[in-house]
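Here are my notes on the structure, as promised. Have the model open while you go through them.

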Amino acid sequence: MIAIVDYGAGNISSVRKALEHLGADARVTSDPLVVGAALKIIMPGVGHFSRCQSLNEHLRAPVLDAIKSGKPFLGICVGMQWLFAGSTEAPETPGAALFPGECSRFPASVKSPHVGWNQIEVRAGSRLLDGVPSGAFVYYTHSFRAPVIDETTACTNYGGAFSAAVERDNVFGVQFHPEKSAGAGLKILENFCAF
Amino acid sequence: MPSERLAKRIIACLDVDAGRVVKGVQFQHLRDAGDPAELALAHASAGADEIVLLDITATAEGRKTLVETVRRAAKDLFVPFTVGGGIRTLEDAAKVFAAGADKVSINSAAVANPGLIGEIAGRFGSQAVIVAIDARRRTEQADTAEVFVSGGRTATGRKALEWAREAEERGAGEILLTSMDRDGTGAGFDCELTSAVSASVSIPVIASGGAGNAQHFVEVFSVGRADAALAASIFHFGTQAVADLKQTLLRAGIPMRWPC
């Protein structure tokens with residue numbers, strides 16, 4: 001069973017719908033016991049980084065325990081940003097700090113939020129993005145973004161390069177919305193389901 | 001590194017009355033050309049970057065079908081999906097989100113109760129709230145355009161540019177701007193009005209009303225500075241229409257999601 005963690009950060013029915021379409025057994029939950037029992041975890045999320053506060057209060061330990069035990073984890077949008085140390089959007093709300101660096105707002109030189117389809121440049125060897133070509137278009141909607149780090153497996157250029165996807169061992173994150181990115185997005189979710 | 005160019009979006013709009021798409025549609029290979037679920041999928045497969053379902057049902061009885069229509073249309077749709085028409089409260093919005101919509105478009109209800117924008121944005125995020133503005137020019141000047149509500153029947157006395165700015169401040173994630181002067185004419189988008197609204201807000205502006213040919217899209221993305229363009233009837237001539245349109249736009253140097 002894949003647990004889709006519901007921590008009050010927006011509408012997550014589309015993630016569940018995409019997993020159902022792929023034939024996966026997915027359950028939307030905010031119950032730490034269900035998270036603990038899941039074989040894989042997806043943490044979606046849109047909106048303000050401060051929403052991660054409720055996640056930190058109730059679900060931080062079970063989610064981090066699951067990650068530590070080697071269960072595949074996928075953070076989407078704010079769910080990926082949470083994997084970093086934090087975000088200037090809500091400095092008082094810590095992230096999981098599994099990846100180094102802090103998320104920050106787009107520079108004033110580009111229109112923000114970044115809404116729509118943009119291209120990713122995929123680094124060779126990504127397991128999550130296996131079968132997704134460089135130059136593929138994915139759907140974004142966000143105002144803050146994560147820096148490019150060693151674990152970055154894809155980046156997008158908008159007001160400079162940012163991390164479109166990160167991965168290390170069993171921990172994966174994507175800033176874009178695979179559940180809204182047509183064929184490329186479904187391929188990514190399919191890869192995750194197959195881990 | 002890919003070039004720094006966010007693709008401009010082509011949005012297909014389905015006008016739905018009591019659960020049926022009402023404009024003349026000539027998609028091939030469809031069992032039922034008036035079914036919103038089939039048409040939404042057909043448009044997405046044909047290359048539309050986003051789908052908008054606009055409920056224009058006049059009767060309360062007919063409206064009851066909306067949530068079920070949304071659920072069926074959303075089921076296998078994996079591009080952004082917006083639902084508008086008759087969403088008056090946070091509860092109305094919550095129902096269509098639960099049925100699978102990614103965004104709601106609010107129009108008259110937002111003008112009557114501007115706090116609704118922040119209520120929906122607060123719960124579902126700004127990215128999930130599109131404020132739709134139906135505008136008609138009062139004089140030759142684009143900045144005189146006035147906001148109309150109730151399907152264009154009622155003037156509000158409000159200026160479109162000011163309302164767009166207020167909507168952004170209140171938490172709207174995008175503006176869907178329909179030119180009533182151009183809507184249904186096929187004479188092209190109101191690029192001057194679109195450009196004026198686009199310059200007055202920092203959120204994306206979706207242009208609507210007047211699309212008649214591919215050149216009109218080139219103009220609204222260049223001169224009109226639109227981030228997305230929405231049309232209904234232009235896509236109803238067959239499944240090749242969106243791909244052909246995108247090819248024309250790419251040749252004109254407009255960034256598009258391709259292949260799609």
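**Notes on the two chains**

1. Three strands make an open sheet in the order β5-β6-β10 (chain A), and the pairing is mixed. At its edges sit β5 and β10 of chain A, each of which pairs on one side only. Bear in mind throughout that this is a predicted model.

2. Where does the mixed pairing come from? Look at the two strand pairs in turn. Strand β5 (residues 86-87) of chain A runs parallel to strand β6 (residues 102-105) of chain A, and two bridges join them. As a reminder, strands of a sheet pair through backbone hydrogen bonds, either parallel or antiparallel.

3. Now the bigger picture for chain A. The chain has six helices and 13 strands. Its radius of gyration is 15 Å, close to the 16 Å that the globule rule gives for 195 residues, so chain A is as compact as a globular protein of that length. Along the principal axes, the C-alpha trace of chain A spans about 45 × 40 × 30 Å.

4. Two more numbers for chain A. Of its 195 residues, 55% are buried. Among the contacts in chain A with a separation of 6 or more, 66% are between residues 24 or more positions apart.

5. Chain A also has an open sheet of eight strands, in the order β2-β1-β3-β4-β13-β12-β11-β8, with mixed pairing. The edge strands are β2 (26-29) and β8 (121-122) of chain A, and each pairs on one side only. At the β8 end, two bridges join β8(A) to strand β11 (residues 152-157) of chain A, and the two run antiparallel. In that pair, Glu121(A) stands opposite Cys155(A) in β11(A).

6. What lies across β1 (2-5), β2, β3 (40-43) and β4 (73-76) of chain A? That is helix α1 (residues 13-21) of chain A, which runs at about 165 degrees to β2(A).

7. One loop residue in chain A to check is Arg51(A), which is in the loop between β3 and α3 (52-58) of chain A.

8. On to where the chains meet. The contact takes 32 residues from chain A and 28 residues from chain B. On the side of chain A that touches chain B, the elements giving two or more residues are α1, β7 (114-119), β9 (137-142), β11 and α6 (182-194) of chain A. The largest share of that side, six residues, comes from β7(A). Note that α1(A) and β11(A) turn up here as well as in the notes on the eight-strand sheet, where β11(A) is one of the strands and α1(A) lies across β2(A) and other strands.

9. In chain B, take a look at a helix pair. Helix α4 (residues 90-98) of chain B packs against helix α6 (residues 115-124) of chain B at an angle of about 40 degrees, with their axes 10 Å apart. The two helices, α4(B) and α6(B), are therefore oblique to each other, and their crossing is right-handed. From α4(B), Leu90(B), Ala93(B) and Phe97(B) meet Glu119(B), Ile120(B), Arg123(B) and Phe124(B) in α6(B).

10. Last one: Phe81(B), in strand β4 (residues 81-84) of chain B. Why does Phe81(B) count as buried? It has 23 other C-beta atoms within 10 Å, and the cut-off for buried is 20 or more. Leaving aside neighbours within four places in sequence, Phe81(B) is in contact with Ile51(B), Ala74(B), Gly100(B), Ala101(B) and Asp102(B). The C-alpha atoms of Phe81(B) and Gly253(B) are separated by 27 Å, and the two residues are 172 apart along the chain.

Technical notes:
Residues are numbered from 1 along each chain as its sequence is written. Chains are lettered from A and ligands numbered from 1 in the order in which they are written. This is a predicted model: local features need pLDDT of at least 70, side-chain atom pairs count only at pLDDT 80 or more; totals for chains, interfaces and linings use all residues. Helices (H or I, at least four residues) and strands (E, at least two) are DSSP runs, numbered from the N terminus. The radius of gyration is taken over C-alpha atoms; the globule rule is 2.2 Å times the number of residues to the power 0.38. A residue is buried if 20 or more other C-beta atoms lie within 10 Å of its own, exposed if 12 or fewer, and partly exposed in between; C-beta atoms are placed from the backbone. Two residues are in contact if their C-beta atoms, placed from the backbone, lie within 7 Å. Two strands pair if DSSP finds at least two bridges between them. Axes are lines fitted to C-alpha atoms, for helices over the stretch in contact, and angles run from 0 to 180 degrees between N-to-C directions. Angles under 35 degrees count as roughly parallel, over 145 as roughly antiparallel, 65 to 115 as roughly perpendicular and the rest as oblique. A crossing is left-handed if the near helix is turned anticlockwise from the far one by less than a right angle, and right-handed if clockwise.
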